[in-house]
Amino acid sequence: MTDDGYAELTSALRGFLDAVATAGPHDQVQALTDDLRRWTAILAESRQEEGKRVFGERFDLPDRGQTLTPVFAPQVVTTSKVEGTAWFGDYFHGSNGAAHGGTLPLLFDEVFGHIAVERGSRARTAYLHTDFRSVTPIGVDLQVRAWVERAEGRKLFLAADLRDGEVVCAEAEALFVLLRDGAP
Ligand SMILES: CCCCC/C=C\C/C=C\C/C=C\C/C=C\CCCC(=O)SCCNC(=O)CCNC(=O)[C@H](O)C(C)(C)COP(=O)(O)OP(=O)(O)OC[C@H]1O[C@@H](n2cnc3c(N)ncnc32)[C@H](O)[C@@H]1OP(=O)(O)O
């Protein structure tokens with residue numbers, strides 16, 4: 001990992017989003033807004049095209065340097081399976097201590113994507129079906145795994161599950177389609 005501060009920034013940004021998500025009314029809200037706008041203007045000056053950015057593009061950083069998805073720390077990545085831990089911060093809270101339902105397919109898409117990338121393929125998600133088996137808790141280390149069910153030409157049929165110990169939180173099935181040469 002390149003120690004240029006971006007791992008720390010990603011972690012700080014996640015912490016900030018979790019703090020925003022759990023804060024009540026605060027008397028410093030205007031100061032916070034002013035600070036955010038100041039940093040927005042500074043960062044806007046160094047806007048880069050896709051391919052030259054940090055966020056989501058740095059494979060040497062945890063979570064590729066992005067905070068869009070829940071934390072996913074892969075432990076095994078092969079061309080046929082991925083295994084790792086997932087962690088939903090407060091930012092991903094829906095209600096009653098459970099993760100927002102839409103964040104589950106988001107996590108699965110990310111996890112499936114690692115298999116496609118490991119295969120050296122440019123691929124896109126054609127469909128992603130999620131079964132919600134049990135509420136997904138916030139702030140708990142969860143186990144996630146995904147695997148290739150079968151490959152048919154450019155079609156990669158994938159499956160995954162997310163567990164809290166013995167409890168299955170969610171399962172998913174997806175079709176990734178490998179892009180034709182020259183496809184945008
Ligand atoms: C944006 C790509 C990102 C990829 C990763 C990039 C960088 C790496 C970064 C990080 C790595 C780590 C993690 C990655 C993180 C996330 C990955 C997320 C990936 C995505 O989140 S990506 C965005 C969402 N995704 C779309 O934005 C797709 C919009 N869409 C299309 O771009 C086309 O639609 C496409 C390409 C899907 C197919 O187009 P096409 O022209 O290549 O092929 P065609 O239509 O001929 O279909 C070929 C065969 O698939 C069958 N087929 C197609 N669609 C089907 C469906 N829905 N249901 C059942 N069967 C289906 C046909 O029936 C035919 O089957 P058959 O050959 O048997 O007749």
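Student: What is the volume of the second largest pocket?
Tutor: This is a predicted model, in which local features need pLDDT of at least 70, side-chain atom pairs count only at pLDDT 80 or more, and totals for chains, interfaces and linings use all residues. Residues are numbered from 1 along each chain as its sequence is written, and side-chain values use heavy atoms, leaving out hydrogens and water. A pocket is an open set of points on a 1 Å grid over the protein atoms alone where a 1.4 Å probe fits, with protein on both sides within 12 Å along at least five of seven lines; lining residues have an atom within 4 Å of a point. Points are joined across faces, edges and corners, and probe spheres set on them fill the volume, which for the second largest pocket is about 770 Å³.

Student: Which element supplies the largest share of the lining of the second largest pocket?
Tutor: The pocket is lined by 25 residues, and G56, R64, E110, G113 and V117 are the closest to its centre. α3 (103-118) and β5 (123-132) each supply at least two lining residues; helices (H or I, at least four residues) and strands (E, at least two) are DSSP runs numbered from the N terminus. The largest share is seven residues, and they come from α3.

Student: Where is R64 found?
Tutor: R64 is not a glycine, yet its phi is positive, near 55°. R64 is found in the loop between α2 and β1.

Student: Is D63 buried or exposed?
Tutor: D63 lies in the loop between α2 (29-44) and β1 (71-77), and its phi is also positive, about 55°. Buried means under 20% relative accessible area, exposed over 50%, and partly exposed in between (1.4 Å probe, protein chains only). The relative accessibility of D63 is 11%, so D63 counts as buried.

Student: What kind of aromatic pair do F88 and F92 form?
Tutor: Rings of Phe, Tyr and Trp (its six-membered ring) pair if their centres lie within 6.5 Å; planes under 30 degrees apart are stacked, over 60 edge-to-face, and the rest tilted. The centres of F88 and F92 are 6.3 Å apart and their planes stand at 85°, so the pair is edge-to-face.

Student: Which residues form one aromatic cluster?
Tutor: Y91 and F92 also pair, at 5.3 Å centre to centre and 80° between the planes. F92 is buried at 5%, whereas Y91 is partly exposed at 41%. The one cluster is formed by F88, Y91 and F92.
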